[in-house]
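Reader: I would like to go through this model feature by feature. Please give the general idea each time, and then the case at hand.

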Amino acid sequence: LHHEHALLGQRLQHRPDRSAAGARAGPHGDVAGGSGRPRLRGRSTATARPGLRANLTPARMSTDKRILFYSTNRNVPRADLRGALLQGQAADKGLFMPETVPPLSPRDLAALAGISYPEIAWFVLRRFTAGVIDDETLRALCEDAYDFEVPLERVEGRRFLMRLDRGPTASFKDFAARMMARWMGVLMEGGTGDLVILTATS
């Protein structure tokens, strides 16, 4: 997921921050300083552009179909998001992959320019959570998981570098791991038993 977000960030045209110089960061990494660097902000509302929320409503999305996941070894039945995420590795020792990756149209990309990173994450991820996690829950999870600044630094021309080191562990893994943990928490609600998560660093 973090890879997909990074690629998306490279394709968007972002505007530099025009706030007064010297302003301090807000409580959730919503920096209002005048550094002149393009950036995606953490917790912020998308009210600067009239009708922006309307462009991000489900009725305007490219797809709302539930996505199934297959094992790379192809020896077990397909699973929905809940089954794939809570299993971890497939029973045939393969990795779960989505059957399809919903494309983003030029209109979709245009709707994302100038909005916060949590909003972009919601817009992209809801295609993978359709039918499993409702939109409002997913939006809240995105706001909670990505409550830090995600700046874009200009390399040259329209080429930008997305900084993935501003999360709590200063690692790109904050992008995928924080969301994965929150999805697991939601999917475990109302169930019985415990879920043991074994992790390792690379």
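Author: Start with burial: buried residues (under 20% relative accessible area, with exposed over 50% and partly exposed in between; 1.4 Å probe, protein chains only) make up 40% of the 202 residues in the protein. This is a predicted model, in which local features need pLDDT of at least 70 and side-chain atom pairs count only at pLDDT 80 or more, while totals for chains, interfaces and linings use all residues. Residues are numbered from 1 along each chain as its sequence is written, and side-chain values use heavy atoms, with hydrogens and water left out.

Reader: How many helices and strands does the protein have?

Author: Helices (H or I, at least four residues) and strands (E, at least two) are DSSP runs, numbered from the N terminus. The protein has seven helices and five strands, in the order α-β-α-β-α-β-α-α-α-β-β-α along the sequence.

Reader: How are two packed helices described?

Author: By the angle between their axes and the distance between the axes. The axes are lines fitted to C-alpha atoms, for helices over the stretch in contact, and angles run from 0 to 180 degrees between N-to-C directions. Here α6 (residues 135-145) packs on α7 (residues 173-188) at about 140 degrees, the axes being 10 Å apart. Therefore α6 is oblique to α7; under 35 degrees would be roughly parallel, over 145 roughly antiparallel, 65 to 115 roughly perpendicular, and the rest is oblique.

Reader: Which residues of α6 and α7 make the contact?

Author: Contact means heavy atoms within 4.5 Å. Helix α6 contributes Thr137, Leu138, Leu141, Cys142, Asp144 and Ala145, and α7 contributes Arg178, Met179, Arg182, Trp183 and Val186.

Reader: Is Asp135 buried or exposed?

Author: Asp135, in helix α6, counts as buried because its relative accessibility is 18%. Its side chain is joined to that of Arg126 by a polar contact of 2.9 Å. A polar contact is a pair of N or O atoms within 3.5 Å; within protein, one must be able to donate a hydrogen and the other to accept it, and residues adjacent in sequence count only if both atoms are side-chain atoms.

Reader: Where is Asn73 found?

Author: In the loop between β2 (69-71) and α3 (81-87). Asn73 is partly exposed, at a relative accessible area of 38%. Leaving aside neighbours within four places in sequence, Asn73 contacts Asp92, Lys93 and Gly94. A polar atom of the Asn73 side chain lies 2.8 Å from the backbone oxygen of Asp92.
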